[in-house]
Amino acid sequence: MRKIIHVDMDSFFASVEQRDFPQYRRKPLVVGGNSPRAVVAAASYEARKYGIHSAMPMARALQKCPHLIITPHRSAVYKEVSEHIQAIFHEYTDLVEPLSLDEAYLDVTEPKKGLPSASLIAKEIKNEIRKRENLIASAGVSYNKFLAKIASDMDKPDGFYLIKPDDAEAFLKDLKIGLFFGVGKKTEAKMHQLGIFKGEDLKRLTLPELMRYFGKNGRYFYDVVRGIDERPVLPSRVRKSIGAERTYQTDIYDLGHVEIKLAEVVDVMWERSLAKKKQGRTVTLKLRYANFVTITRSHSQNRPFTKAEILSTLMALLPHDAIRQNGVRLLGATMTNFYDEDQTLPRQLKIDF
Ligand SMILES: [Mg+2]
């Protein structure tokens, strides 16, 4: 039986700001830009009491709380703190799979340090994060990634929650379907239409029914509601993509103007790829229209793209009519499928049950 911990920092960016600037403590604060088009990147717990949450337009957040403190996004600082936290994880296991700057799965089935249980390790990690970084984390412990991730959300902030193998099915039976990891707003609505509100409702559907309603996700839902998730924790220290994107103050309808802006975004991405010494064989264009509909289009080749090739490829992917019709709010470019990655694919783990 594996022992998996999911660690999730509480209100990460906002907590770093409140830690570094004492005048912000115990106050409603959000991290994000303050242009009229900006959105909330993170909200402190005090701000959440006003109904403010991440991805909310800043203008709306200010309506809800006029004395809201808005601080700029200090990416370099968050990244550095994240590296410190990752270093703590690595003291306990090398099987660390980061999901973002502030979240990771740890497989502590065979930990490096001699603590007798996964729960004790999780609590010690929380303590070390508090002691060394002066930040609060929540941890979930279970025997697979799905349950560990749900567990870390059960008792936030400063949470600890353990789902033991024998308790998993009973726990899932009563769990609201929206709290299942992998069920987004759209899927939740669809499940409600199908009369699925809790785990026990989901469990009543057969595998063929689930596959019919949810495609390949049907198999995933069928398994996880039975407490089955065999996905290994994959340590991924390899950077998987390099990109850049820009949101514009006013929507752009002119194609020539879009091309100029795209060239600027490619410049930024290219500089980043040079700094990381990475060359991708897939390039992706991201485009968000004024109505917030977002599309991505990719192109791959079997050797790394030059800068000129990236630019001409992305230009060719621009949907001319849709741009003239809808206007562009955001442009992004991403490079993936790096040249040196084939040889360093993470090893599949043998899982013992
Ligand atoms: Mg978090």
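Visitor: How many bridges join S1 to strand S7, and do they run parallel or antiparallel?
Guide: There are 6 bridges between S1 and S7 (residues 137–142), and the two strands run antiparallel. One example is Ile 4, whose bridge partner in S7 is Ser 142. Keep in mind that this is a predicted model.

Visitor: What makes S1 and strand S6 a pair?
Guide: Two strands pair if DSSP finds at least two bridges between them. S1 and S6 (residues 103–107) are joined by 5 bridges, and they run antiparallel. Within S6, Glu 103 is the bridge partner of Asp 8.

Visitor: How do you know that strand S1 is largely enclosed by the rest of the structure?
Guide: Look at the burial: 6 of the 6 residues of S1 (residues 4–9) are buried, so the rest of the structure largely encloses the strand. Both faces are covered. Ile 4, His 6 and Asp 8 are buried on one side, and Ile 5, Val 7 and Met 9 are buried on the other.

Visitor: Why is Ser 11 called buried?
Guide: The cut-off is 20 or more other C-beta atoms within 10 Å. Ser 11 has 24 C-beta neighbours inside 10 Å, so it counts as buried. You'll find Ser 11 in the loop between S1 and H1.

Visitor: What is the phi of Ser 11 near?
Guide: Phi of Ser 11 is near 50°, which is a positive value in a residue other than glycine. Most residues other than glycine have a negative phi.

Visitor: Is Phe 292 buried or exposed, and how do you know?
Guide: Phe 292 has 8 of them, so it is exposed. Phe 292 sits in the loop between strand S10 (280–289) and strand S11 (294–300). Its phi is positive too, about 75°, although Phe 292 is not a glycine.

Visitor: Why is Asp 223 called partly exposed?
Guide: Asp 223 has 17 other C-beta atoms within 10 Å, so it is partly exposed. Asp 223 belongs to helix H11 (residues 217–224). Leaving out residues up to four places away in sequence, Asp 223 touches Ile 228 and Asp 229.

Visitor: What makes you say helix H6 is mostly covered?
Guide: In H6 (residues 145–152), 8 of its 8 residues are buried. Among them are Phe 146, Leu 147 and Ile 150, along with Lys 145 and Lys 149.

Visitor: Which elements do the buried residues of H6 pack against?
Guide: They pack against S1, S6, S7, strand S8 (160–162), helix H7 (168–174) and H11.

Visitor: Where is the cis peptide bond, and what is its omega?
Guide: The cis bond joins Lys 156 and Pro 157, and omega is about -10°. Pro 157 is in the loop between H6 and S8. Most peptide bonds are trans.

Visitor: In what order do the 3 strands of the open sheet come?
Guide: The order is S3-S2-S4, and the pairing is mixed. Strand S3 (42–43) and strand S4 (69–71) each have a single partner strand, so one side of each lacks a neighbour in the sheet and they stand at the edges. Between strand S2 (residues 29–31) and S4 there are 3 bridges, and these two run parallel. Val 31 is opposite Thr 71 in S4. Helix H1 (residues 12–20) lies across S2, S3 and S4, at about 115° to S2.

Visitor: Which domains does the domain assignment give?
Guide: It gives domain 1 (13–75), domain 2 (167–224) and domain 3 (242–343). The centres of domain 1 and domain 2, taken over C-alpha atoms, are separated by 34 Å.

Notes
Residues numbered from 1 in each chain as written. Predicted model: local features only at pLDDT ≥ 70, side-chain atom pairs only at ≥ 80, totals over all residues. Buried ≥ 20, exposed ≤ 12 C-beta atoms within 10 Å, placed from the backbone. Helix = DSSP H or I, 4+ residues; strand = E, 2+ residues; numbered from the N terminus. Contact = placed C-beta atoms within 7 Å. Axes fitted to C-alpha atoms, helices over the stretch in contact; angles between N-to-C directions. Domains from an automatic or database assignment.
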